[in-house]
Amino acid sequence: MLYYIIMEQKAEIFDVHITHLTGGGMDCDAEGIFHKKILTSLSVVQPIHGSYSVKIGGSGPFVIEEGNVFVAPPNVTQEILHRNGAGQRMKAHWVFLDADINGEYRFEDLFLVPPVLRADYNEEIYRLLTHIRFPKNYFEKISAGYRLLEILTADAQQQTNRSPIGSKLEKFVRQHYAEDIGAKDLADCLYCSVSQVFRYTRKYYNFSPANYINSIRLQQAEILLLNTEKTVTAIAAAVGIADGAYFSKVFRKYYGVSPSNYRKNFLSDH
């Protein structure tokens, strides 16, 4: 279990709980494919064959060669250019991770992780991502998740405690994204006015309430696209967007391609 002292307010970290841990992969001709997207979970990405050119939240570009690892916090813009390795193929794997700290804060509220990890972690991270994606059992998966968090904190900058409001919003939306929710439901969750909810989502996520809810829905949709054979219409309904045409429009806005083309370009190798 992780244990740290946050220097600014001397707050002990006494509990770390992984709330979301999923993995994905690709093995395809991806030369020149460009994605600009915003995810709502921390992502850890490693090219196995081929490379990336990545901008994260305005920083970069960083060239991520085979075996190296980049980390992107949630709710920041990622601009990713894919480059094939030999044989006109690119192979990569990744993990999406969320963790609560002390039941109040998200991991990224307290730790600012470098966008590119030190190369001496590459081999271990390869094993950890593999265990998360293809675990022998639940314990292997969750153990790998906590070890990955420990690695991420090794070179991270510890940050001042932030308000837990953002974490409370995120928890609520993750629990109810498949339902017909909106700004009023977020306001009821926080016992505040709708106008305050708009201020909070702008402050913590740089989104309107509706766009923040959709960002989480789309992340769940991405997981379903890459790891199931559900139709695009079925996936739209599963993540709380009843109108398939609207779902495709919003997905294209965030990811730059249609849901069907995203699936085609990035077939999961589960």
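This is a predicted model: local features need pLDDT of at least 70, side-chain atom pairs count only at pLDDT 80 or more; totals for chains, interfaces and linings use all residues.

Me: Why is the contact between E31 and R83 called a salt bridge?

Reply: The term requires a side-chain nitrogen of Lys or Arg within 4 Å of a carboxyl oxygen of Asp or Glu. The closest N and O atoms of E31 and R83 are 2.7 Å apart, so the pair qualifies as a salt bridge. E31 lies in the loop between β3 (16-28) and β4 (34-38), whereas R83 belongs to strand β9 (residues 77-83). The two residues are 52 residues apart, and the pair links distant parts of the chain. By this rule the count comes to 13 salt bridges.

Me: What makes E31 and R83 count as partly exposed?

Reply: The class covers values between the limit for buried, under 20%, and the limit for exposed, over 50%. E31 has a relative accessible area of 41%, and R83 has 37%. Both values fall in between, and therefore both residues are partly exposed.

Me: How do you know whether E108 and R106 are buried or exposed?

Reply: Buried means under 20% relative accessible area. E108 stands at 11% and R106 at 3%, so both are buried. Their side chains meet in a salt bridge, with 2.7 Å from N to O.

Me: What makes the pair R147 and E124 a tie between parts of the chain?

Reply: R147 and E124 form a salt bridge whose closest N and O atoms are 2.7 Å apart. R147 lies in helix α3 (residues 138-154) and E124 in helix α2 (residues 122-133), so the bridge ties together parts that are 23 residues apart in sequence. R147, at 30% relative accessibility, is partly exposed, and E124, at 23%, is partly exposed too. Elsewhere, salt bridges that share partners join D98, R106, E108, E170 and R174 into one network.

Me: Why is β10 said to pair with β3?

Reply: Two strands pair if at least two bridges are found between them. Strand β10 (residues 90-101) is mostly covered, with 11 of its 12 residues buried.

Me: How do you know that β10 and β11 pair?

Reply: Two bridges join β10 to strand β11 (residues 105-106); at least two are required, and therefore the strands pair. D100 stands opposite R106 in β11. The two strands form a hairpin with three residues between them, and N102 in the turn has a positive phi of about 55°.

Me: What makes up the lining of the largest cavity?

Reply: This cavity holds about 150 Å³ of space and is lined by 16 residues, of which K37, Y52, I80, H82 and W94 lie nearest its centre. The elements giving two or more residues to the lining are β4, β5, β9 and β10. By class, the lining has 10 nonpolar, four polar and two charged residues.

Me: Which residues line the second largest cavity?

Reply: They are T22, G23, G24, W94, F96, I223, L226 and N227. Four are nonpolar, four are polar and none is charged. The volume of this cavity is about 30 Å³.

Notes: Residues are numbered from 1 along each chain as its sequence is written. Side-chain values use heavy atoms; hydrogens and water are left out. Helices (H or I, at least four residues) and strands (E, at least two) are DSSP runs, numbered from the N terminus. Buried means under 20% relative accessible area, exposed over 50%, partly exposed in between (1.4 Å probe, protein chains only). On a 1 Å grid over the protein atoms alone, a cavity is a set of points where a 1.4 Å probe fits but cannot get out, and a pocket is an open set with protein on both sides within 12 Å along at least five of seven lines; lining residues have an atom within 4 Å of a point. Grid points are joined across faces, edges and corners, and a volume is the space filled by probe spheres set on the points. Ala, Val, Leu, Ile, Met, Phe, Trp, Tyr, Cys and Pro count as nonpolar, Asp, Glu, Lys and Arg as charged, and the others, Gly among them, as polar.
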